[in-house]
Amino acid sequence: MTAWDVAIRAPLREIGAYRPGASLDELMTRHGLAEVDKLNWNEGLWGPLPGVLDAVAGALDQAWAYPEHAYNSLREAIAAEVGVPPGHVLPGHGIQALILTLVSAFVSPGDRVVVPAPTYGLYAQACRVAGATVEHVPSPSLEFDLERIAAAVRASDARIAWICDPNNPTGLRLGAEEWQAFLDAVGPDCVVVADEAYMYYVPPERRVRREDDVAAGRRVVVLRTFSKIFGLAGLRLGFLIADPQLVHYLHSVQEPFNVNRAALAGGIASLGRAGEVAERRALAIAARDRLTAALGDGGIAPVESAANFVLAELGVDDLELAERVLRRGVLIRPGTELGLPGWARITVAPDAVMDRAAAALLDVRLELLGARAAS
């Protein structure tokens, strides 16, 4: 037998694989469930915009051919949507693939990177796999302490600082003034990657315009996705906004032809529809408010979220609650998996789903509180 643990690079032996959790089919089989409200992965549960699936289907007769490598049609459509030149745009096979592309471009063994906590776990994992030392900056109040993050960058001479805004798993967002102060405090040498996966849930007038930082020559890279408000998580499509010179270099480390034809068609068909996106945003905000109010009536005060999910402190064991709620057909994300034991993250969804989720969560919480009091 080959000893693969000896053959692979040392960081992989320590880190292990990224584990998103059991699949929905596995969980349904395990618990004998015919239906489950899937509220654990922050997908866009209203699905793709009208007509997008038709565009995807129309691309399938070209499945035999490689996609056009430069993705010029999609790049031009994204550029028009965002308000940047096409040369600033690099599409990729989802934000995760773009994160790995950036790590390949910037991170060498022995480098240091700065990651706030809690936040999306792939930033730290990908950098550790590349051989970097990750400086975690805790957020005791759940809000990013940007002064501490900037200080950690300067003290460690970090290559990259990762900022998710709105942040996953909290849903909290940053303001324009504090963002600019952060960039100034970080200094000119560190690359700041801003993951804006949930930014389309923020009204345009309240967003931080980081594309302007890119245009101004700051060392900023912006990540966005079609997985959330556009409802295309299954097609794996995202893009980054960066200086054209950096985009040129990233082409040398990004996997060729990594965006498939179906995703390209779906992405193009989703763009230029600001009114419909605004309607989707309004649906998500209303659902978020509905869930927050229902949980509040039951004695739980979720964190004020700007994304398509809410994070709530439970006051009971989150793993036990998530398991019992799943038996009732509602799948949520226990906070232990996110570095927040005692919390849960719940994706927003249409009204009937929100009502079922809130009722199940509150009922199970009362059961666990009662069991604890009885003991």
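Residues are numbered from 1 along each chain as its sequence is written, and side-chain values rest on heavy atoms, with hydrogens and water left out. As the model is predicted, local features need pLDDT of at least 70 and side-chain atom pairs count only at pLDDT 80 or more, while totals for chains, interfaces and linings use all residues.

Let's start with helix H9, which covers residues 176-186. Helices and strands here are DSSP runs, numbered from the N terminus (helices are H or I with at least four residues, strands are E with at least two). Which residues of H9 are buried? They are Trp-179, Phe-182, Leu-183 and Val-186. These residues span an arc of only 100 degrees around the axis, which puts them on the same side of H9. The arc is taken from the directions that run from the helix axis to the C-beta atoms. As for the wording, buried means under 20% relative accessible area, exposed means over 50%, and partly exposed lies in between (1.4 Å probe, protein chains only).

What covers that buried side? The cover includes helix H8 (146-156), strand S5 (160-164), strand S6 (191-195), helix H10 (210-215) and strand S7 (220-225). Contact means heavy atoms within 4.5 Å.

Turn to the face of H9 that points away from the buried side, and you find the exposed residues Glu-177 and Asp-184. Glu-177 has 74% relative accessibility, so it counts as exposed. From Glu-177 to Gly-315 it is 138 residues in sequence and 35 Å in space, C-alpha to C-alpha.

Cys-164 is in no disulfide either; the cysteine sulfur nearest to it belongs to Cys-127, 14 Å away. Cys-127 is buried, at a relative accessible area of 0%, and Cys-164 is buried too, at 1%.

## A cavity and a pocket

Grid points are joined across faces, edges and corners, and a volume is the space filled by probe spheres set on the points.

A search of the whole structure turns up one cavity of 30 Å³ or more. The largest cavity has a volume of about 40 Å³, and its lining is made of Gly-44, Leu-45, Trp-46, Tyr-201, Lys-228, Ile-229, Arg-280 and Ala-284. By class, that lining has five nonpolar, one polar and two charged residues. In this scheme Ala, Val, Leu, Ile, Met, Phe, Trp, Tyr, Cys and Pro are nonpolar, Asp, Glu, Lys and Arg are charged, and the others, Gly among them, are polar.

The second largest pocket has a volume of about 400 Å³. It is lined by 23 residues, and the closest to its centre are Gly-171, Arg-173, Glu-304, Ser-305 and Ala-306. Helix H13 (residues 274-297) gives the most to this lining, with four residues. Sorted by class, the pocket lining has twelve nonpolar, four polar and seven charged residues.

| Residues joined | Omega |
|---|---|
| Ala-117 and Pro-118 | about 0 degrees |
| Asn-168 and Pro-169 | about 25 degrees |

Pro-118 sits in the loop between strand S3 (112-117) and helix H7 (122-129), and Pro-169 in the loop between S5 and H9.

Arg-236 has a positive phi of about 55 degrees although it is not a glycine. Arg-236 belongs to the loop between S7 and strand S8 (238-241) and counts as partly exposed at 22% relative accessibility. Phe-257, another residue other than glycine, has a positive phi near 55 degrees. Its place is in the loop between helix H11 (244-250) and helix H12 (261-270), and Phe-257 is partly exposed at 35%.

Conventions: A disulfide is a pair of cysteine sulfur atoms within 2.5 Å. On a 1 Å grid over the protein atoms alone, a cavity is a set of points where a 1.4 Å probe fits but cannot get out, and a pocket is an open set with protein on both sides within 12 Å along at least five of seven lines; lining residues have an atom within 4 Å of a point.
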